[in-house]
Amino acid sequence: MTSGALTAGGAVTVRLVKAGRTKVSYPAGVVYDDGTHVVVTAPWAGDGTHDFGFVRFEHGDVFTEHYWRDRWYAVKEVRDAAGGLKGWYCDVTRPALASRDALVVEDLDLDLWVSADGATVLRLDEDEFADSGLAGRDPAAAEAALRALDELEALARSDGFDGLLARA
């Protein structure tokens, strides 16, 4: 994989990898790439509706996904089919790797949900992260992942993601 910029208006396959295996793969349109910050848009890639209890992802939802080549997370703005903001789903990942036609991120289990009004901020899957064994296999990565989750939560509870998601 190279670190070259993706072409706005082009297509890319987003691959979320976990424990060396592709967890999910889907086509997305490239909106922006400055060589560090990549923005793509894609419809909900899941099979049917996924009800988390605090939000439902369903057919027609559109995700505007922000990835960085130098940060340990991805932020996904989620809108319903009518364009209404549902909130932001944040994945803690290793920094993104991009090639001409693919964007690959390694999921590190930790997630954060922020509701559209910012009133609900939920740290998710901390038990999965603890059970993953990452702290024993790669303590530096585990520490970076925890810092990333803390950073995302602090942003969500203060000024929100506007500054983070702004494009140059």
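The structure is a predicted model, in which local features need pLDDT of at least 70, side-chain atom pairs count only at pLDDT 80 or more, and totals for chains, interfaces and linings use all residues. Residues are numbered from 1 along each chain as its sequence is written, and side-chain values use heavy atoms, with hydrogens and water left out.

The largest pocket holds about 550 Å³ of space. A pocket here is an open set of points on a 1 Å grid over the protein atoms alone, where a 1.4 Å probe fits, with protein on both sides within 12 Å along at least five of seven lines; its lining residues have an atom within 4 Å of a point. The volume is the space filled by probe spheres set on the points. The lining comprises 25 residues, of which Leu16, Lys23, Val24, Trp44 and Phe52 are the closest to the pocket centre. Elements that give two or more residues to this lining include strand 1 (11-18), strand 8 (85-93) and strand 10 (102-115); strands are DSSP runs of E with at least two residues, and helices are runs of H or I with at least four, numbered from the N terminus. By class, the lining has 13 nonpolar residues (Ala, Val, Leu, Ile, Met, Phe, Trp, Tyr, Cys and Pro), 10 charged (Asp, Glu, Lys and Arg) and 2 polar (the others, Gly among them).

Strand 10 is mostly covered, with 13 of its 14 residues buried, that is, under 20% relative accessible area with a 1.4 Å probe and protein chains only. Strands count as paired if DSSP finds at least two bridges between them. Strand 10 runs parallel to strand 1, to which 5 bridges join it, and Val17 stands opposite Glu106 there. With strand 8 the pairing is antiparallel, over 6 bridges, and Gly87 has Ser115 as its bridge partner. Strand 11 (residues 121-124) is also antiparallel to strand 10, through 4 bridges; the two form a hairpin with 5 residues between them, where Gly118 in the turn has a positive phi of about 75°.

Most residues other than glycine have a negative phi. Ala19, however, has a positive phi of about 55°; this residue lies in the loop between strand 1 and strand 2 and is exposed (over 50%), at a relative accessible area of 70%. Asp125 likewise has a positive phi, of about 65°.
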